[in-house]
Amino acid sequence: MIPKLSVIIPVHNERATIASVIRECFVLDPAAEVLVVSNGTTDGSAEIARREGAAVITYAAPLGHDVGRSVGARRATGDILLFLDGDMVISASQLQPFVNLIREGADIVLNDYSGPTHMKYPHDVVVAKHVLNSVLHRPDLRGWSLAAVPHAMSRCAAERIGPEHLAVPPLAQAMAVYHGLQIRAAPTVHVGKLNPRRSHRHNGDPTGRLMLGDHLEAIAWLLERTDQRGHRHDYGRRRDEVSGR
Amino acid sequence: MRSTRVMKKQGISRAAKRRTIVNKHRRASRSRISAAKRRRALRHRAGGMKPRRAGRSRIGLKRSRSRRRYGQRRRRSQGPRIWIRGLDRRVMRSGRRTRRLLDTRKLRGRFRHRLAAVVTCRDEERTLPSVIRQLERLPLQEIIVVINGSSDRSLELASRFRHVTIVWQHEPLGHDVGRAVGARVSTADVILFMDGDLPIRAERLVPYLRAVDRGADLALNDLSPFIGAFVEQDDVTRIKMFLNRVLGRPDLGMNSMTAVPHAVSRRLIDRIGIDLLAVPPKAHAMSIMNGLKIVSPASVDVIRRNRIRPHNVGSGNPVADLIIGDHLEALSLIAQHAGPRCAYPDVARRRDIARGDDDANEHHYTVI
């Protein structure tokens, strides 16, 4: 039996791209279940999605970053969950490896993309992603993250993490590593180029700040389960010798 | 070539410009410019080299203006990079190099506060004497050497110096605990922290002492010149950078109290407590959270010059593991004080809907 594929696409006013995104999903697998979670949409994206053959869940108000993934994951019936964004058209040929690797037994397949790292001081989010992976004892994952699309996971991986935690991707990543799920990477999809360029000078970079908080939350979650040093040795620090004097 | 063109446009020929420079020096010579400088200006008029100009930095040090980049070798003729303005200079010949040393007797009146240095040492007999020798050249009231877990001649060598306070502990205290122990012994207003395995010339240490003496609470070693692109950075550098950014001080780059040399004020110690000095990233985080004034006045390359030992090389080495653990402890401390998300709240996310609390309320959403 071929495992069933569910594609989850949160959408918020993305009428320009949503039709092509869904079409690529059906090229990838004509039998796929495409779930579009439309939240706070006013430009008719939801209707376009329905016309393209997707199942659409509509919320009138915006749900906030990545909450659509949780909603979609809970309703998905497939054995493989593929997560995309409504504003990024990624060809079926580029998505194929993500599905294939799950079929080969991986629990989670991430995009082999670490963001721009050729400079001395990269963006906060790039630093945070690398730091989270090294804190999780997985520096080999570099800057790969569940925060970046596309990524895929098996149904049991999603259940292990808990669909509600998929709304905070760094937290989900920490849980995945902590639970020992097998994480692999598919060939790079350059999502940085697909993302619209935004200037952070005037708006104070709200997404960057949110992501920084998400990573802190993930680290805090991990430290709650380990100890305040994340089970790292301090090689016999005699702390009593300081206060004992 | 460009400057010539500009000058011509302004109606000044190159020769006229040169005359102006010489005249400027002549005018100045009447008052205070040295004979050597005048000679250089005159030599320039004769078609020789350009007169050397010196800029003045903020902290009252004079540094030679060179186009040299970091890592490039200094030209022999250029002399030292930093020396104290207006002080007599001894010129010393060592080997083929001429070095000017600062006359430390003249430094004495230049600091407002009482200064101390804390050197932590564990089996570092080869380098400890030169560390202390450099510190003796500075106007320090106290030089405190914390020798712990040493089985070599460190104690004997340190006790040969007259003005050194030695704290001896037979067993090893562990990483950085010596700093806190030394700070507890000290009574000074400014404390400079050093490692026994890394001799640094006194001239290079002056900026840290001076910064704290002039009102900063923490003067860190600015490591940014020695760090490459992010892809080449190690996990320790990255987590240091992360901590600074989380605390809203991205300007500090990867500078941290983990690295020596750094100087702290008595106010910092009183505010954060001495115990925290044993875990430098915690002290660092606490200093930022307390709004203390933190600067990075100078750079000393402690990365390439660090002694290579079996446990500090390669990724995932024990020391890297220790420092990452220290930073995690600092992050726990931040979480205790400012919540798990620190200053980055998540207001827009509907976590109730993510959890599925809303699934029963069908009127909130529609499924097509």
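## From one glutamine to the whole contact

Guide: Start with B:Gln233, which lies in the loop between strand S10 (218–221) and H8 of chain B. Keep in mind that this is a predicted model.

Visitor: Why is B:Gln233 called buried?
Guide: B:Gln233 has 7% relative accessibility. Buried means under 20%. B:Gln233 therefore counts as buried.

Visitor: What does B:Gln233 touch?
Guide: Leaving out residues up to four places away in sequence, B:Gln233 touches A:Lys120, B:Ile227, B:Gly228, B:Arg238 and B:Met241.

Visitor: What makes the approach of B:Gln233 to the backbone oxygen of A:Lys120 a polar contact?
Guide: A polar atom of the B:Gln233 side chain lies 3.1 Å from that backbone oxygen of A:Lys120. The cut-off is 3.5 Å between N or O atoms. The distance falls within it. The B:Gln233 side chain also reaches the backbone oxygen of B:Gly228, at 3.0 Å.

Visitor: How far is B:Gln233 from B:Arg112?
Guide: Their C-alpha atoms are separated by 39 Å. Along the chain, the two are 121 residues apart.

Visitor: What makes B:Arg341 and A:Glu217 a salt bridge?
Guide: Their closest N and O atoms are 2.4 Å apart. A salt bridge needs a side-chain nitrogen of Lys or Arg within 4 Å of a carboxyl oxygen of Asp or Glu. The pair meets that. B:Arg341 lies in the loop between H11 and H12 of chain B, and A:Glu217 in helix H9 (residues 206–225) of chain A, so the pair joins two chains.

Visitor: Are these two partners buried or exposed?
Guide: Buried. B:Arg341 has 10% relative accessibility. A:Glu217 has a relative accessible area of 14%. The limit is 20%, so each of them counts as buried.

Visitor: What does the salt bridge of B:Asp275 and B:Arg184 tie together?
Guide: The side chains meet at 3.3 Å, N to O. B:Asp275 lies in the loop between helix H9 (266–272) and H10 of chain B, and B:Arg184 in helix H6 of chain B, so the pair ties together parts that are 91 residues apart in sequence. B:Asp275, at 39% relative accessibility, counts as partly exposed. B:Arg184, at 31%, is partly exposed too.

Visitor: Which residues make up the salt-bridge network?
Guide: A:Arg229, A:Asp234, A:Arg237, A:Arg239, B:Asp176, B:Arg179, B:Lys282, B:Asp326 and B:Glu329. Salt bridges that share partners join them into one network. In one salt bridge, the side chains of A:Arg229 and B:Glu329 meet at 2.6 Å, N to O. Over all chains, the structure holds 36 salt bridges. Between chain B and chain A, the count is 12.

Visitor: How many residues take part in the contact between the chains?
Guide: Chain B gives 67 residues and chain A gives 63. About 5,500 Å² is buried between them, and carbon and sulfur atoms give 58% of that area. There are 32 residue pairs in polar contact between chain B and chain A. On the side of chain B that touches chain A, H11(B) gives the most, with 10 residues. By class, that side has 36 nonpolar, 12 polar and 19 charged residues.

Visitor: Which residues of helix H4 of chain B are buried?
Guide: In this helix (residues 128–136), B:Leu128, B:Pro129, B:Val131, B:Ile132, B:Gln134 and B:Leu135 are buried. The elements they pack against include strand S6 (115–121), strand S7 (142–148) and helix H7 (202–213) of chain B.

Visitor: Why is chain A called as compact as a globular protein of its length?
Guide: Chain A has 10 helices and seven strands. Its radius of gyration is 19 Å, close to the 18 Å that the globule rule gives for 245 residues, so chain A is as compact as a globular protein of that length. Buried residues make up 58% of the chain.

Methods. Residues numbered from 1 in each chain as written. Chains lettered and ligands numbered in written order. Predicted model: local features only at pLDDT ≥ 70, side-chain atom pairs only at ≥ 80, totals over all residues. Heavy atoms only, no water. Contact = heavy atoms within 4.5 Å. Buried area = accessible area lost by both parts, 1.4 Å probe. Polar contact = N/O pair within 3.5 Å; in protein donor to acceptor, adjacent residues only side chain to side chain. Helix = DSSP H or I, 4+ residues; strand = E, 2+ residues; numbered from the N terminus. Nonpolar A, V, L, I, M, F, W, Y, C, P; charged D, E, K, R; others polar. Buried < 20%, exposed > 50% of the residue type's maximum accessible area, 1.4 Å probe, protein only. Rg over C-alpha atoms; globule rule 2.2 N^0.38 Å.
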